Amino acid sequence: MGKVVCVTGASGYIASWVVKFLLLRGYTVKASVRDPNDPKKTEHLLSLEGASERLHLFKANLLEDGSFDSAVDGCEGVFHTASPFYHDVKDPQAELIDPAVKGTLNVLNSCSKTSTVKRVVVTSSMAAVAYNGKPRTPDVMVDETWFSDPEVCKASKMWYILSKTLAEEAAWKYAKEKGIDIVTINPAMVIGPLLQPTLNTSAAAISSLINGTKTFPNSSFGWVNVKDVANAHILAFENPSANGRYCLVESVAHHSEVVNILRELFPNLQLPEKCADEKPYVPTYQVSKERAKSLGIDYIPLKVSIQETVESLKGKGFLH
């Protein structure tokens with residue numbers, strides 16, 4: 001209560017929930033956004049409970065040296081969530097890799113200049129954990145000791161995954177050199193209710209199944225509710241013994257299972273009947289929940305997360 005913290009990329013999907021929960025807990029939040037004059041980026045934040053008293057917006061750009069100095073100045077905790085997430089990329093280096101890696105170093109550099117920062121919580125991803133060429137099958141347990149391999153990512157042109165992998169590597173290296181206390185949160189596909197007015201990439205994974213597509217992808221992902229992810233960030237800051245990385249995955253499910261849950265919850269939706277290819281379904285795998293539990297995370301079940309996502313998408317007019 002009463003502590004001052006910073007959230008970068010505050011208008012984003014996860015970050016908006018982090019801001020909401022911090023304000024509800026009595027924190028004063030310095031929130032960075034690229035354009036404080038864009039109502040699409042700020043209105044949903046300014047309308048949060050506690051915002052008029054304790055939310056302060058700052059303009060900052062991931063690629064601009066020193067642009068986070070004033071936002072992190074005087075803060076005890078920094079939540080670095082700003083990082084681009086798109087699939088349709090023309091120039092991966094400029095669009096994804098530079099903002100992710102340079103942006104992370106920029107924020108950590110600003111943190112190293114101020115003596116008040118006790119801990120930085122970095123939003124990483126399961127993208128930085130699970131892609132190392134090892135097989136992922138139902139008997140395999142992925143945990144925090146796994147690191148994605150940049151060479152594997154490059155070979156498969158998985159640019160977003162590469163950007164998160166390189167950014168997390170850079171964060172640990174820099175934090176070690178400068179003696180900054182960092183913790184990383186590594187969520188899988190994040191779904192659940194949207195606070196922001198724009199459709200983000202992970203919630204779009206659900207909306208794309210509903211908006212008249214004929215097939216569902218042959219892929220298996222970990223899924224987790226945005227509220228659990230936001231909560232984990234705050235617990236990782238508040239708990240002195242929190243350290244290292246925390247994988248956040250409530251369950252790993254193939255898209256066929258997601259479609260089945262959608263069909264059961266919303267029988268009148270038009271849903272795809274068949275898989276995008278004829279190959280055997282990509283297998284699911286397990287992700288350890290030990291460390292997330294030790295933080296105090298009690299996961300919202302996938303079915304509830306899917307229901308909340310659809311209701312939120314409907315409410316925001318993203319379903320035709």
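Start with α9: select Val 226, Asp 228, Val 229, Ala 230, Ala 232, His 233, Ile 234, Leu 235, Ala 236 and Phe 237, the buried residues of this helix. Buried means under 20% relative accessible area, with a 1.4 Å probe and protein chains only. Helices are DSSP runs of H or I, at least four residues, numbered from the N terminus.

This is a predicted model: local features need pLDDT of at least 70, side-chain atom pairs count only at 80 or more, and totals for chains, interfaces and linings use all residues. Residues are numbered from 1 along each chain as its sequence is written, and side-chain values use heavy atoms, without hydrogens or water.

Now show all of α9, residues 226-238. Because 10 of its 13 residues are buried, α9 is largely enclosed by the rest of the structure. From first C-alpha to last, α9 reaches 19 Å, close to the 18 Å expected at 1.5 Å a residue (1.5 Å times one less than the number of residues). Zoom to its start: a side-chain oxygen of Asn 225 comes to within 2.8 Å of the backbone nitrogen of Lys 227.

Next, select α8 (201-210) and α10 (255-265). Their axes, lines fitted to C-alpha atoms over the stretch in contact, come within 11 Å and cross at roughly 65 degrees. Ile 206, Leu 209 and Ile 210 of α8 meet His 255, Val 258, Val 259 and Leu 262 of α10, where contact means heavy atoms within 4.5 Å.

Last, select Lys 157, in the loop between α6 (150-155) and α7 (159-178). Its phi is near 55 degrees, a positive value in a residue other than glycine. Is Lys 157 buried or exposed? Lys 157 is exposed, at 59% relative accessible area; the cut-off is over 50%.

Notes: Helix = DSSP H or I, 4+ residues; strand = E, 2+ residues; numbered from the N terminus. Polar contact = N/O pair within 3.5 Å; in protein donor to acceptor, adjacent residues only side chain to side chain. Axes fitted to C-alpha atoms, helices over the stretch in contact; angles between N-to-C directions.
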